[in-house]
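Let's take a walk through this model together, one part at a time. Keep the sequence and the 3D view side by side as you read.

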Amino acid sequence: MKRFMTGLCMCVWLALCSVAPVLAADDLASEQARRQVEQPLNNAPVWKEVRSGQQNYTSVRGVDAGVLINPGGQTWRALRNGPVTLYGGLIFCVFALAIGAFYKIRGKIMLSEPKTGRLIERFNSAERIAHWSMAISFCILMASGLVMLFGKHVLLPVIGYTLFGLLAQLCKNVHNFVGPVFLMSVLFFIVMFVKDNVWQAIDALWIRKVGGLVSGEHVPSHRFNFGEKTWFWLGVVFLGLLVSASGLVLNFPNFEQGRLLMQQANIVHVVSALIIMTLSLGHIYIGTLGMEGAIDGMKSGYVDETWAKEHHELWYNAAKHTARHSDEIQRSPDTSGSVART
Amino acid sequence: MARMKFICDAERCIECNGCVTACKNEHEVPWGVNRRRVVTINDGVPGERSMSVACMHCSDAPCQAVCPVDCFYKTEEGVVLHDKDLCIGCGYCFYACPFGAPQFPQSGAFGLRGKMDKCTFCAGGPEADNSEDEFRKYGRNRLAEGKLPACAEMCSTKALLGGDADVLSDIYRERVLKRGKGAEIWGWATAYGKPEQKPAEQPAKTGEKS
C-alpha cells in the first residue's frame, strides 16, 4: 500500500513538474545576477535552475537540447521499472490464473436447452469486420507490447541476446505500425455499436444479479447485457481511446514533443494497456472457451435461437417479430442486412 | 583500474563549442546527432554559466535500467557503452537520461528513430578495438589507443576534463584552493550569514579565476 501511494505521489509530481519551471526561472536568474556580485563563485541559483527543467540557450539543435538536466527522467524510470512493471505484471498473471480457476470450478457455461438448429443473425458483416480488425490488431499489439515490457525479464534469459534483439526489433516496428490501425478500428467499432450500448432499464436487473454469473441463472437483456456494455464503455471507449491517444504521442516523435510529455504518455500508455489487456482476458474467455455458442455470433454472424433466448431474451423477442430466419436469409444473402434488431 | 569520469568546471567554460566540434570531427557522427553540447544558463544575464554536457557514464545508469533489450554494458573503466546491433530505437533511454545524452539519427513518423547514438567516452563499442565496424558504428576508440576523450583534450580553457577520476579530483581540488574564495564555494555564506554582516572581512576584488 505504501509503495502504491508512493507511485501515486510520483504520478502527481510528474504532472506538476510541467508547470513548476515556469514559476521559478526568472527569480533564480536575478538571484544569480545578485549572487555574482555578493558571493562570486557561489552558483547555487544556477544549480537550482538546472534542476527545474527549463530550456536554456544552446547552439545545438534538438528536442530539449537546451535542458541541462532532465528532471522527470528519474521519476519515469522509478515508475516504469518499479510499480508499473511489477504490479502490472502481477495483476495480469493473477487475473489469468483466476480465469483458469473459474474455468476449473464453474466450467463452460452450457445452454440449458438443446439447440434448435434455427439461426438468427446477430452481427452483420460490417460489424464483424469492425470487431475482428480491432480484435486482431489488439492481439498483435498485446503480444508485441508484452515482449517490450516484460521480455527483458522473461524471454531474454531464455532465448539469448541475438534472438531477443531481433524479436524486440520486430515487435517494436509491428507495434508502431499496427497501433494506428487499432485506433481506426476502435473508432469504427464505436460508431457501429454505440446505439446498442446505451443504458436500458433492464440493465439494473443484470447488475442486481451480477449477470447470473454465480447463480447460473439467465438474466434477460436487450442486444447487449450490462457486462458487455461495461466492456464497451470502459474497455473500448475509455481505455481504447486512452491507450491510442497516448500511443500516438509516442509513435510520432517527429512533432518534436519534449521528454516530459513522452514520459507521461508512456506511463498512461503502459498502465491503460495493462488494464485493458487484463480485462480482455475475461472478454476473450467468455467469448470462446467460457460459453457455449458465444463465438458463433462473431464467427458466422448467426447464433442459435436457443442461445439468443437464453442470453439476450429481449433482443430475441424483438428480433423474432421482424426478422426472417436463416433458411430464408441463406437463400437471399443480399437482404441479410435488413434483419431488424432492437 | 581507473574509473573514467567527466567534469565540467562552470567557472571556466567559455561556451566556445570546441568540445562539440572536436567530438563531431573525431567520430564523424551523422548530421543531427550531437553527442556533446554546451548549455548556457541565464544567457546574457550577469552571472551566466555554461556547461558542456554529454553522457556522464553513470554508475547506476538510467538508460541501462530502462532499456527493453538490455543493450547497455559497462567497461572495466566505468564507461557506459551500448550495442547498436541490439538497439531497437525505442527512445526509452532518451526519456530516462538526466543529461539528454542519447541521440537518434532520424525522427520520423511511426516511431522511426534509428539506432541510438551517444558519447562513448571515446571508447568505441563491442566490436574489435579500432576495427572498421567499430568506427562506423561508434566512432574512434581513443582509449584503446591510449588517449583521453577528444572533447576534453580539445578544451581551450581546460574547463572540461575527462579521465581517471582520482586525477581529475586532484586537479579540481587544486583549482578550488587557488580560487581563494574558500567558504563561499561551499555555500557557507548562504548557510551562516550574508557577507554584509562582516564587510571588513570580505576581500574587495571579486576573486581571480584560476
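This is a predicted model: local features need pLDDT of at least 70, side-chain atom pairs count only at pLDDT 80 or more; totals for chains, interfaces and linings use all residues.

Residues are numbered from 1 along each chain as its sequence is written, chains are lettered from A and ligands numbered from 1 in the order in which they are written, and side-chain values use heavy atoms, with hydrogens and water left out.

Start where the chains meet. Chain B brings 60 residues to the contact and chain A brings 57 residues, contact meaning heavy atoms within 4.5 Å. Together they bury about 5,000 Å², with 57% of that coming from carbon and sulfur atoms; buried area is the accessible area (1.4 Å probe) that two parts lose on being put together, summed over both. On the chain B side, B:I88, B:Y95 and B:F110 supply 15% of the area buried against chain A, more than any other three residues.

How many salt bridges cross this interface? The rule finds 1, where a salt bridge is a side-chain nitrogen of Lys or Arg within 4 Å of a carboxyl oxygen of Asp or Glu. A:R77 forms a salt bridge with B:D60, and their closest N and O atoms are 2.9 Å apart.

Strand β1 (residues 57–58) of chain A pairs with β2(B) in the antiparallel sense over 2 bridges, and A:T58 stands opposite B:V39 in β2(B). Strands here are DSSP runs (E, at least two residues) and helices are H or I runs of at least four, numbered from the N terminus; two strands pair if DSSP finds at least two bridges between them.

Now turn to helix α1 (residues 18–27) of chain B, where 7 of the 10 residues are buried. Buried means under 20% relative accessible area, exposed over 50%, and partly exposed in between (1.4 Å probe, protein chains only). Among the buried ones are B:C19, B:V20 and B:C23, and their cover includes β2 (37–41) and β3 (49–53) of chain B.

Just after this helix, B:E28 takes a positive phi of about 50°. Most residues other than glycine have a negative phi. B:E28 lies in the loop between α1 and β2 of chain B and counts as exposed because its relative accessibility is 55%. In chain A, the phi of A:V210 is also positive, near 45°. This residue sits in the loop between α8 (203–208) and α9 (226–251) of chain A, and A:V210 counts as partly exposed at 48% relative accessibility.
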